[in-house]
Amino acid sequence: MSSIDWGRPLRWLLVLLAAFGTLWVVFRIYANGQPVWAVGALALAALGFFIYLSNISFAYRYLFPGLAGMAIFVAFPLLYTVQIGFTNYSSSNLLSFERATAYLLEQTVPGEGQAYAFSLYAVGPEYRLVLAPGQEDDESLDAAQRAERRAHTYVTPPLALIKSRPPIEVTALPLKQASFEPGEALPLSAVLKQRQALSQLRVRLPDGTLLSYAGVREFSPLQPAWKRNDDGTLTQVQTGHLARANHDTGFYEFVDGPDKGQHIRPGFKVGIGLGNYARMVNDPDFRGPFVAIFLWTVAFAGLTVLFTLIVGCTLAVLLNWEALRFRTVYRTLLFLPYAVPGFISILVFKGLFNQNFGEINVILHALFGIKPAWFADPTLAKVMILLVNTWLGYPYVMVLCTGLIKAIPSDLYEASAIAGAGPLTNFFKITAPLIVKPLTPLLIASFAFNFNNFVLIALLTNGRPDFLNTKVPAGTTDILVSYTYRIAFQDSGQNFGLAAAISTVIFFLVALLSMANLKLAKVNEDKR
């Protein structure tokens with residue numbers, strides 16, 4: 001009796017389930033207004049099914065996860081950042097054109113007519129709304145006024161207040177015609193819980209007046225603030241002035257009236273080509289701090305590498321001295337700065353450099369009678385940053401140099417000793433030439449890391465002290481990445497497009513360093 005092979009049907013069942021699941025995800029992406037991403041997801045999924053179901057692409061089955069991950073987590077963010085750099089995307093131009101237009105058309109202003117105070121009454125699981133003219137309490141009115149007010153009081157039919165539904169319109173009846181006698185109204189806290197549902201309610205009175213939710217205590221006539229015209233322009237209902245969308249600036253602008261040319265917020269996102277890059281070059285108010293920050297970034301990264309190399313290499317040579325006792329203890333102690341998390345060390349140093357209470361200034365004041373303003377003076381702030389970063393970075397170079405020195409044959413030093421050479425001759429003639437080539441790519445990598453060392457700047461000085469009289473937030477100790485962060489996410493403006501353009505420039509600079517690194521590594525490999 002032959003057994004049934006369930007493996008093949010089960011396999012195709014799983015494939016069908018995965019296909020349906022993928023199509024559902026793609027449909028949801030498309031339904032949320034992202035057709036480009038839906039096409040991209042569909043293409044990636046189709047490629048994956050082809051690779052894993054076809055025999056001709058067998059070799060790519062092992063590469064596909066890595067390639068797909070690189071496309072999603074590396075290529076996509078990079079391309080998205082570059083794309084934003086060509087737009088005016090910012091806190092004032094956050095919406096699409098369609099969404100910004102819809103937002104303006106949804107705005108309302110108080111219309112002509114009387115406002116009505118409302119009270120909410122629970123009727124079983126539903127609610128009834130009672131609208132009375134004026135805001136005065138009944139106790140403050142005399143009998144005639146209360147009778148007059150009651151004659152113009154209206155009540156809605158029972159309503160099931162639901163938060164997430166489109167606006168609905170109901171017709172209210174005069175209270176004297178409705179078979180409803182108000183009892184005790186719900187307290188304000190209960191009314192506030194129904195605020196979202198009440199805002200979706202439109203109440204039409206018997207005379208045709210349409211009331212809308214205008215606050216926690218009243219309904220009043222509202223009218224649209226803007227009206228769309230056939231040619232796509234908008235008319236401001238209260239003034240009759242026209243506004244037209246300017247797709248160069250990303251704003252609706254008044255085309256007549258005293259506010260002609262004025263932008264109407266919110267704006268919308270448009271492509272501006274090389275506008276952000278041109279601003280870096282052409283705008284003197286932006287170019288000034290940008291050039292200064294770029295030069296400081298290069299100097300900061302270069303000096304950090306130089307100082308850490310000097311300190312780390314010197315300590316590595318000293319710790320390689322055979323006659324030195326307790327070398328292991330010294331090596332362990334000197335490695336400690338690398339073992340402590342950087343964000344803790346940086347904050348500790350921030351306290352130590354405090355002008356009035358920091359231990360460093362206490363010692364300097366006791367010895368020399370000075371209290372340097374480490375955080376207020378730009379030069380001293382940069383010196384402080386280099387000191388802290390050297391302290392944080394030298395253990396890494398020390399470990400690298402120690403390993404490279406260990407790989408040098410001891411015969412060379414013995415021969416040098418026989419020839420009568422001293423320690424300095426040994427270092428410059430033997431040690432340095434042999435470790436500099438394998439160390440160079442690592443130093444370039446260290447330069448690239450410090451080029452984007454955002455954590456140190458953000459935790460220690462946050463870019464301060466700031467430049468004066470600049471249009472964009474910029475500090476004298478900012479490096480390019482912290483400068484980009486401040487433009488994109490801090491202070492006023494939040495100019496994501498400009499920040500993306502700067503990020504793109506940083507990317508190409510770091511890419512050039514990486515290419516130099518790879519080239520040097522290849523040269524060393526060829527020579528071996």
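Helix 16 (454–460) and helix 17 (480–489) each put at least two residues into the lining of the largest cavity, where helices are DSSP runs of H or I with at least four residues, strands are E runs of at least two, and both are numbered from the N terminus. Before going on, a word on ground rules: this is a predicted model, so local features need pLDDT of at least 70 and side-chain atom pairs count only at pLDDT 80 or more, while totals for chains, interfaces and linings use all residues. Residues are numbered from 1 along each chain as its sequence is written, and side-chain values use heavy atoms, with hydrogens and water left out.

Back to that cavity. Rolling a probe the size of a water molecule over the atoms shows where empty space is left. Here the grid has a 1 Å spacing over the protein atoms alone; a cavity is a set of points where a 1.4 Å probe fits but cannot get out, a pocket is an open set with protein on both sides within 12 Å along at least five of seven lines, and lining residues have an atom within 4 Å of a point. Points are joined across faces, edges and corners, and a volume is the space filled by probe spheres set on them. Searching the whole structure this way turns up 1 cavity of 30 Å³ or more, and the volume of the largest cavity is about 30 Å³. Around it sit F454, A458, N462, D478, S482, Y485 and R486. Helix 17 gives the most to this lining, with 3 residues. By class, the cavity lining has 3 nonpolar, 2 polar and 2 charged residues (Ala, Val, Leu, Ile, Met, Phe, Trp, Tyr, Cys and Pro count as nonpolar, Asp, Glu, Lys and Arg as charged, and the others, Gly among them, as polar).

Now for the open space. The largest pocket has a volume of about 860 Å³. It is lined by 28 residues, of which V317, N320, Y413, P423 and T431 are the closest to its centre. Helix 9 (284–319), helix 13 (378–406), helix 14 (410–418) and helix 15 (423–451) each supply at least two lining residues of this pocket, and helix 15 gives the most, with 10 residues. The pocket lining splits into 20 nonpolar, 6 polar and 2 charged residues.

Next, the strands, which count as paired if DSSP finds at least two bridges between them. Strand 9 (residues 218–224) pairs antiparallel with strand 2 over 2 bridges: Y116 has F219 as its bridge partner, and A117 faces E218. Strand 1 (residues 108–110) also runs antiparallel to strand 9, joined by 3 bridges, with P110 opposite L222. Strand 8 pairs with strand 9 as well, antiparallel over 3 bridges, and S212 stands opposite S220. Strands 8 and 9 make a hairpin with 4 residues between them, and G215 in the turn has a positive phi of about 160°. Strand 2 has another antiparallel pairing, over 8 bridges, with strand 3 (residues 126–133). There V123 stands opposite E126, and the two strands form a hairpin with 2 residues between them, where the turn residue G124 has a positive phi of about 65°.

What about the rings? The structure holds 22 aromatic pairs, meaning rings of Phe, Tyr and Trp (its six-membered ring) with centres within 6.5 Å; planes under 30 degrees apart are stacked, over 60 edge-to-face and the rest tilted. F97 and F268 have ring centres 5.0 Å apart and planes at 75°, so they are edge-to-face. This pair links distant parts of the chain, 171 residues apart: F97 is in helix 4 (residues 97–106), and F268 is in the loop between strand 14 (263–264) and helix 8 (275–282). F97 is partly exposed, at 26% relative accessible area, whereas F268 is buried, at 0% (buried is under 20%, exposed over 50% and partly exposed in between, with a 1.4 Å probe and protein chains only).

The rings of F118 and Y213 have centres 6.2 Å apart and planes at 55°, so this pair is tilted. It too links distant parts of the chain, with F118 in strand 2 (residues 116–123) and Y213 in strand 8 (residues 210–213), 95 residues apart. Both F118 and Y213 are buried. Elsewhere, ring pairs join F349, F353, W374 and W391 into a cluster.

Finally, charges over rings, where NZ of Lys or CZ of Arg must be within 6 Å of the ring centre and within 35 degrees of the ring normal. K269 has its charged end over the ring of Y89, 4.7 Å from the centre, and R11 has its own over the ring of W12, at 5.6 Å.
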